[in-house]
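Subject: Structure handover

Hello,

Here is the structure I promised. Please open it before you read on.

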Amino acid sequence: MHVYSDPALERHVNDLSGVENPERFPAAVAGVEEAERGGTPVEWPPCRPAGGEEILAVHEPAYLDRLRGLSDAGGGYLDPDTAMGPGSFEAAALASGAACGAVESALGGEPSLAAIRPPGHHAGAGYAMGFCLLNHAAVAAAYARSLGVERVAVLDWDVHHGNGTQDVFYADGAVLYLSTHRSPFYPGTGRVGETGEGEGRGFTANVPLPARSGEDVYAAVFAGVLVPMLREFDPGLVVVSAGYDAHAADPLGGMGLEAGSFGRFAALICAAAREVGAPPPAFVLEGGYDLGALTQSVAATVRGAYEDAPEWEYAGGVRPVEEARSALAPFWKSLR
Ligand SMILES: [Zn+2]
């Protein structure tokens, strides 16, 4: 596993968020180190900040200027949950750069992880939201496209819907956005009927789940929706928005996963990528606010990239899965 990270990611302080705090960074890194001590091969290539061109493939120039200006001025407020301090722009640009580094490693045949903060998937082209400044997974997907990858899948297992990522690619048929998340819940988007528009019709997939869903429900979502769609889409790269706030111990999420669940998700996505001849996935850290659960879940993901996939099959009868399948069946043969 190639892991991209930088100590400057700890210097972003969001004083509106009680939970998206600098301690998350060493907690995530500790997870990688734990997997490494257990024998998983880990390398730490150097991490660079994303350049203007990479960021501007996703974000509006005026928004980028605003972020940079606020950070240079010592900080400021962007939405009810999202603040910047003097180190915030540097951290966000490094986090997006880490995601681009992860894309390079993945395309070179190595599974990779951007161990970063702040998270990114609520940020849209021109807005910050929900602790997120720049949308690293979206920057990674756009970067892969700029390197010649025709089709990129972004799979988002964070407990929150990635409204920013969905917005960025909603009318884009070259990027398939797949999300499973708690609903009704923050940020309020990600209903099953949101399936894309224009050239992107059918290329957004949402599987909203009730609170306290556990691994059995997620297994049905993977086997019944996400993996069949990944196979049929046949991407040249899979970017995973890997949030860990669906862990049972998370103070925000209210779901029922355990750390090992994320390892099984990782193994399954790696296997699906292999099946379609795609390189291994690039994992990009999103949320996850219980520090111990974050460490254990990151460790499980890193290990999972080298483990056998679970044999999950969808036998029918799981309501959220049935609803997503019927909404998406007009676009996807594998769901009919
Ligand atoms: Zn989240």
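Below is what was found in it.

This is a predicted model: local features need pLDDT of at least 70, side-chain atom pairs count only at pLDDT 80 or more, and totals for chains, interfaces and linings use all residues. Residues are numbered from 1 along each chain as its sequence is written.

**Overall.** The protein chain has 10 helices and 9 strands. Helices (H or I, at least four residues) and strands (E, at least two) are DSSP runs, numbered from the N terminus. Buried residues make up 60% of the 336. Buried means that 20 or more other C-beta atoms, placed from the backbone, lie within 10 Å of the residue's own.

**The sheet.** 7 strands form an open, parallel sheet in the order β1-β4-β9-β8-β5-β6-β7. Strands pair if DSSP finds at least two bridges between them. At the edges are β1 (2-4) and β7 (204-209), each pairing on one side only. Within the sheet, 5 bridges join β5 (residues 152-156) to β8 (residues 237-242). V152 stands opposite L237 in β8.

**Helix α7.** This helix (residues 215-233) has a kink of about 40 degrees, centred on F222. The bend is the angle between axes fitted to the seven residues ending at a residue and the seven starting there. Of the 19 residues in α7, 14 are buried. D234 follows α7, with a positive phi near 55 degrees.

Best wishes

Technical notes:
Buried ≥ 20, exposed ≤ 12 C-beta atoms within 10 Å, placed from the backbone.
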